[in-house]
Amino acid sequence: MNAPILPGGTIGLLGSGQLGRMLAMSARRFGYQVHVFSPEANSPAGQLADREIVADYADLDRVATFARQVDVVTFEFENVPRITTDAAEKHAPVRPGGGVLHAAQNRVREKRFLADAGLPTARFAVIKNAADLEQAMAKIGAPSILKTAAWGYDGKGQVRIDAIADAPRAWRELGEQPAVLEGFVSFSDELSIVAARDAAGNFTHFGPIHNTHVNHILDISVCPAGLPAAVTRRAEEIARVVMQQLDVVGVLCVELFLTGDGELIVNELAPRPHNSGHLTIDAHATCQFEQQLRAVCGLPLGSTRQRQPAAMTNLLGDLWQPTSPDWAALLAMPDVKLHLYGKQQPLPGRKMGHVTAVADSVAAARALAVAAREKLRRT
Ligand code: ATP
Ligand code: MG
């Protein structure tokens, strides 16, 4: 195993959104330097970096220069091209490796990996053209969801198909791109596990976390999820298998559906910290970002003990309408923590920040987090 990268070293980060910002905060707290590489200037992560490199991911000369100046490269965004991580890997270790990113950034490869690993997924078919879709619809039926193979997030790049006759329209709506057709899972709950693994194969995890989405965007996460012990064990086992089989060194989130009869189905993988894990910052002994830092630096993984039940609500740009939120009202509340990402433009549906509440029970934490968000609205 390589020597650990100790505090004082330099972390290279591909991607510059809020996940990178919070990683940078953990890294800075430990005294690391942070270099951020992305096409955006004055980005959430770049604002906290020692160096913000603004360049295209395909600018491999800039990627090489960046990688030479850091001790390890990690990412906060799974759509970094493979050529970028390959170029970086010539000069610094990339963790998790480019192979993990390759598997997780494309729904076809991801689904195939899951199926080969014997893990439960929704019924699916790989769609390359309209004829494939017609055949797949005959097999999978409606309702189903057509998802682009690449570049989806927050429900973008997906169309629900409610009747077989609607399939051609869905195919056109998605821009006739390579896609996956998934059978609709009538789940009772959505869960996630944020797992970490180090180079020696040690495994830790946060969760399961219980997630509620609104308009395909995560709205509220709570932990603990209050599940039967058998479901919790199964979720942990699934996460462990994913981490081992993909040989992840770093953090990866497994999104799960829980069906009415207690079965777990893997929805998708995110090879990085996850929105649902933000509550670990305020509720756990070690947060998901510190854990990512520890894992990619070859340091011992931290304790994932939860100190108090917690709930997290996202703050979307919509809250800035008609005027900016009432921060003072929220900050007057005890047991509520505000996190803002430094984004300039509060667009509708854009994740601008989040609020975490802790309490003696999950129900109380959830109520507090929701009340805190409501306080932001000036009526
Ligand atoms: P994110 O970036 O927020 O994770 P995404 O765009 O990558 O989203 P998915 O996680 O695949 O998309 O889907 C978003 C949401 O749509 C899921 O959390 C779930 O609520 C719903 N969904 C996705 N696939 C299915 C399915 N097969 N059956 C039922 N609901 C689904
Ligand atoms: Mg998802």
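User: Taking contact to mean heavy atoms within 4.5 Å, across which strands does helix α10 (residues 288-297) lie?

Analyst: This is a predicted model, in which local features need pLDDT of at least 70, side-chain atom pairs count only at pLDDT 80 or more, and totals for chains, interfaces and linings use all residues. Residues are numbered from 1 along each chain as its sequence is written, chains are lettered from A and ligands numbered from 1 in the order in which they are written, and side-chain values use heavy atoms, leaving out hydrogens and water. Helices (H or I, at least four residues) and strands (E, at least two) are DSSP runs numbered from the N terminus, while axes are lines fitted to C-alpha atoms, for helices over the stretch in contact, with angles from 0 to 180 degrees between N-to-C directions. Helix α10 runs at about 130° to β12, and the strands it lies across are β9, β10 and β12.

User: Which strands stand at the edges of the open sheet of 8 strands?

Analyst: Two strands pair if DSSP finds at least two bridges between them, and the open sheet, with antiparallel pairing, has the order β13-β12-β9-β10-β11-β14-β16-β15. Each edge strand has a single partner strand, so one side of each is left without a neighbour in the sheet; these strands are β13 and β15 (336-340).

User: In the salt bridge between D247 and R197, is R197 buried or exposed?

Analyst: A salt bridge is a side-chain nitrogen of Lys or Arg within 4 Å of a carboxyl oxygen of Asp or Glu, and here the closest N and O atoms are 3.0 Å apart. The pair links D247, in the loop between α8 (229-245) and β12, with R197 in strand β9, 50 residues away in the chain. Buried means under 20% relative accessible area, exposed over 50% and partly exposed in between (1.4 Å probe, protein chains only); D247, at 48%, is therefore partly exposed, whereas R197, at 10%, counts as buried.

User: How far apart in sequence are the parts tied together by R28 and D50?

Analyst: The side chains of R28 and D50 meet in a salt bridge, at 3.2 Å from N to O. Because R28 lies in helix α1 (residues 18-29) and D50 in the loop between β2 (33-38) and β3 (51-54), the parts tied together are separated by 22 residues.

Note on methods:
Contact means heavy atoms within 4.5 Å.
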